[in-house]
Amino acid sequence: MASIRKTYRRTPKVELRSLTEESCEFVLSNTDVSMANALRRVFISWVPTIAIDLVEITTNTTVLNDEFIAHRLGLLPLVSSRVKEMKSPFESGEDDDWTDVEFHLNVKCTGDDTMDVTSNDIQCDPRHPDVRPVTDPEGKGILIVKLRKNQELNLTAIARKGIGKDHAKWSPVATTFFQFMPEIHINQALMETLTLEQKQEWIDSSPTKVFRLNPITRQVEVENAEAYMYDGECIAKAEELGKPGLVDIHQRQDMFIFKVESTGALKPDAIVVMGLDVLLNKTHDLIESLETEAQSHAAQAGGLDS
Amino acid sequence: MTQERKAPLPKSETSLTYAIEDEDHTLGNSLRFLLNKNPHVDFVGYSIGHPSEHRVQFRIQTTGEITATEALRQACRDLKQICAHMKQTMAEEVERVKSGAADMQS
């Protein structure tokens, strides 16, 4: 059995290229598309965050209707570093489970100028002060609605834990994507049949800076393979110059450039680790239910025999 | 062949369809991929009957050496191992990058 299992590649490599407060980029290699895609899907729709889910409006004399405001509130990213301590209404069993965070918003425009109601005006739950709308470096807050003189908004909002599969407001990522690592081979023998001008012309045909001309050897080199956008321009140009096969470009099926851009609810590295935890839990649960299923089948079969 | 030939497993155990509730392509496609890599698996495929139906139907047919359940269990264990390994390497990388950033500042 051991020999068979060697055929799987079960030790993917991760190389973290950059990590900031809102995004991270890493190269995932020694694995395959199905794993990369599972990861991408898990980041988008399975990693839990906190978002406003229930809004009770007492007064709303703004130009936006109640539902519209409730929807806008739901989309505000909330700092979800403590999401692991929370339970969603679907998983909660005990009475003392922490499921809700309450917010209040009570604003009235008294001045003559238009007033902006932003996420900074939201009053946080005193029991959970660390669950709050995310802040931007300038501290301007996220605009919810604008008020004219004498317009008023008074509401209570309840935030809950949830996942992106239920509603996109719970998705911790703004975008996450992966790109296949390009593999570029230049046919140098064929390249040498081109004049220097033609070489430069061919290099310039690529809309992104992928190739360069070595000033000493006068050879065309790959400067940055990752800049290649799979646009096929340089291949078309080679054909136009009457030299098909000048360059050979492949998408590597075992190496991916991953980018995770957070909404601010969770740190990008936390999204990756929590995503992997979700996948681990899924497989763990499946193994467990396979065991119980096998046992109940065996019991049934035993019952039939006797 | 020195090895004694074992009686083939009954068909009822080597070709099965599983219904996995509350799952989607995330788990379905990765498991299908891993099962496809298993040389004891003859056929594997999955389908989600309808987009609003949160159930994955999983078909496994083995060559007869192992049961379908055993094949699925192996695939689950492999996926678990892959995830655990990725989690560990990711944690190491985050540590490395963070300490690197700290060095730059000091």
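Modeller: Here is a short talk about aromatic pairs, charges over rings and domains. Keep in mind that the model is predicted.

Colleague: How many aromatic pairs are there over all chains?

Modeller: The count is nine aromatic pairs over all chains. In one of them, the ring centres of Phe178(A) and Phe180(A) are 6.1 Å apart and the planes stand at 75 degrees, so this pair is edge-to-face.

Colleague: Why is that edge-to-face?

Modeller: Planes over 60 degrees apart count as edge-to-face, and the planes of Phe178(A) and Phe180(A) are at 75 degrees.

Colleague: Is Phe178(A) buried or exposed?

Modeller: Phe178(A) has a relative accessible area of 17%. Buried means under 20%, so Phe178(A) is buried.

Colleague: What about Phe178(A) and Phe256(A)?

Modeller: Their ring centres are 5.4 Å apart with the planes at 75 degrees, so that pair is edge-to-face. Phe178(A) is in strand 8 of chain A and Phe256(A) in strand 11 of chain A, so the pair ties together parts that are 78 residues apart in sequence. Both residues, Phe178(A) and Phe256(A), are buried.

Colleague: Which residues form the aromatic cluster?

Modeller: One cluster is formed by Phe26(A), Phe43(A), Phe178(A), Phe180(A), Phe256(A) and Phe258(A).

Colleague: New topic. Which lysine lies over the face of Trp46(A)?

Modeller: That is Lys282(A), at 3.3 Å from the ring centre. Lys169(A) lies over the face of Trp170(A), at 4.8 Å from the ring centre.

Colleague: And how is chain A divided?

Modeller: Into domain 1 (2-45 + 175-261) and domain 2 (49-169). The centres of domain 1 and domain 2 of chain A, taken over C-alpha atoms, are separated by 43 Å.

Notes. Residues are numbered from 1 along each chain as its sequence is written. Chains are lettered from A and ligands numbered from 1 in the order in which they are written. This is a predicted model: local features need pLDDT of at least 70, side-chain atom pairs count only at pLDDT 80 or more; totals for chains, interfaces and linings use all residues. Side-chain values use heavy atoms; hydrogens and water are left out. Rings of Phe, Tyr and Trp (its six-membered ring) pair if their centres lie within 6.5 Å; planes under 30 degrees apart count as stacked, over 60 as edge-to-face and the rest as tilted. Buried means under 20% relative accessible area, exposed over 50%, partly exposed in between (1.4 Å probe, protein chains only). Helices (H or I, at least four residues) and strands (E, at least two) are DSSP runs, numbered from the N terminus. A charge sits over a ring if NZ of Lys or CZ of Arg is within 6 Å of the ring centre and within 35 degrees of the ring normal. Domain bounds come from an automatic or database domain assignment.
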